[in-house]
Amino acid sequence: MVQQAQPVNQALEDLKEHHRTSTGQSHRKVLMWTFLGTECMFFGSLIATFLIYHNNVASGPDREHAFESLTLVSIMAFVLLASSFTMVLALAAARRGDEKMMRVWLLVTAFFGLFFIGAQGYEFWHFTQEGLTPHASLFGASFMVLTGFHGAHVTLGILWLVSVAALVRLHPKTDHRPIMATMLPKFLGFLSGVPKREPGTAIEARPRHRRFIAFVREQTQAPPPPVLPPDVSVKQFEAHHLAEEKVLNVELVGLYWHFVDIVWVVIFTVVYLFA
Amino acid sequence: MKICPQCGHKNSYEAKFCNNCAFRFREELMPRPAAAPAGAHAAPAAAHGEAAGHAEAHGGSHHSQMFYLGVFAALAVITLIELVFTSLDNQVVKLAALIILSTAKFCLVVMFFMHLKGDKKLYTLLFVGPFFIGAGILLTLMALFSNFQLR
């Protein structure tokens, strides 16, 4: 079995780039890095706003008094760093095909994220009790907008992590079809009230939205399948390709999570430690 | 072995073109023999269509769990050092030390946890370019407005 499997696997490895784009990279990964680049500018602006306004304290505690104790925020920093570590372990598990450990590490990461959000909620409540609110001063507003947006990113990341842990299967069936490809046309047909097209009807006779969908499908059609070597079946190739896509799902949520972590690295230093 | 994606002909790894149909191989897309994990990963991946053996499938360098543990330990130690530096009275030294330590943490996460080190240059460009734009925005806004004291 092993003797036969190795050349087949080698052939699959040789073919793995076939489905790729003109850049040779996965569009989803390129898009994620582009998104993270835009997030750098977004958080850069928020941090700049905080640094400009941190001395403007009309009422409520000022920066030195608000951040007198660093115990809680230091624990939050350690927890988020630990979550980055468990995230990278989840990706490593996905890459070696260990679905169970991948799921465990993803959920541990989500748990650390929940802890972080809980601690941040407590911190906000504590500040509110001391009179530090978004309405109290520009310092309060810029601080809460910055850390609040980061908290929102963490929350989104937790939802994403749990979704990936629940939905990603590293051993997919080859007849799998994305739900949007099957449900969207049905949903649009339901909304428009147009009856289902009878077999044999010309495309021009279809309702407008169906013509649009057909046009989009034609324009975004995947490249033709490769000419496979005789020792590689179509099923094997599709399974291999799908497995790569599944691992990429974990990699993308990992990139997002690590980015959220490095944003906190900067916030921890600039907002809390500089005080 | 390099298999032509056009005709399926098997060529040597050094081949620039397919010997059968003259298809031009793109070097950056073709896996090298050393990059393909052999042995333990090969059989399950082929036999079950699993994700094993995909360590290089999306580019980037991948390390052992002990390596990642080492990176995490380094991050934790740097954070502790940061906390120690906060008690310094000399504001200039404190500021400089915190910036350096924070940058070190940032780089460790980006290079090793996000695997930007060893990954495709395109991703570095996509991330580092906007990062410097963001840093430029930060410095510009601070230079423009930090002297105003709004009441």
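Colleague: At what angle do the axes of helix α2 (residues 65-85) of chain B and helix α3 (residues 91-113) of chain B cross?

Modeller: In this predicted model, the two axes cross at roughly 165° and come within 10 Å. That angle is over 145, so α2(B) is roughly antiparallel to α3(B) (under 35 degrees would be roughly parallel, 65 to 115 roughly perpendicular, and the rest oblique). Axes here are lines fitted to C-alpha atoms, for helices over the stretch in contact, with angles from 0 to 180 degrees between N-to-C directions.

Colleague: Before we go on, how should I read the names and values?

Modeller: Residues are numbered from 1 along each chain as its sequence is written, while chains are lettered from A and ligands numbered from 1 in the order in which they are written. As the model is predicted, local features need pLDDT of at least 70 and side-chain atom pairs count only at pLDDT 80 or more, whereas totals for chains, interfaces and linings use all residues; side-chain values use heavy atoms, leaving out hydrogens and water.

Colleague: Which elements make up chain B?

Modeller: Chain B has four helices and two strands, in the order β-β-α-α-α-α from the N terminus. Both kinds are DSSP runs numbered from the N terminus: helices are H or I with at least four residues, strands E with at least two.

Colleague: Why is α4(A) called roughly antiparallel to α2(B)?

Modeller: Helix α4 (residues 71-95) of chain A packs against α2(B) at an angle of about 165°, the axes being 10 Å apart. By the cut-off already given, that makes the two roughly antiparallel. Their crossing is right-handed, while that of α2(B) and α3(B) is left-handed (left-handed if the near helix is turned anticlockwise from the far one by less than a right angle, right-handed if clockwise).

Colleague: What meets what where α4(A) and α2(B) touch?

Modeller: Contact means heavy atoms within 4.5 Å. Residues of α4(A) including A:Phe78, A:Leu81 and A:Phe85 meet residues of α2(B), among them B:Tyr68, B:Phe72 and B:Leu75. The contact has 13 nonpolar, three polar and no charged residues (Ala, Val, Leu, Ile, Met, Phe, Trp, Tyr, Cys and Pro are nonpolar; Asp, Glu, Lys and Arg charged; the others, Gly among them, polar).

Colleague: What makes B:Lys105 and B:Glu82 a salt bridge?

Modeller: A salt bridge needs a side-chain nitrogen of Lys or Arg within 4 Å of a carboxyl oxygen of Asp or Glu. The closest N and O atoms of B:Lys105 and B:Glu82 are 3.0 Å apart, so the pair qualifies. B:Lys105 lies in α3 and B:Glu82 in α2 of chain B, so the pair ties together parts 23 residues apart in sequence.

Colleague: Are those two residues buried or exposed?

Modeller: Buried means under 20% relative accessible area, exposed over 50%, and partly exposed in between (1.4 Å probe, protein chains only). B:Lys105 has 1% and B:Glu82 has 0%, so both count as buried.

Colleague: Which salt bridge joins two chains?

Modeller: A:Lys29 and B:Asp119 meet in one, 3.0 Å from N to O. A:Lys29 lies in helix α2 (residues 27-53) of chain A and B:Asp119 in the loop between α3 and α4 (121-145) of chain B, so the pair joins two chains.
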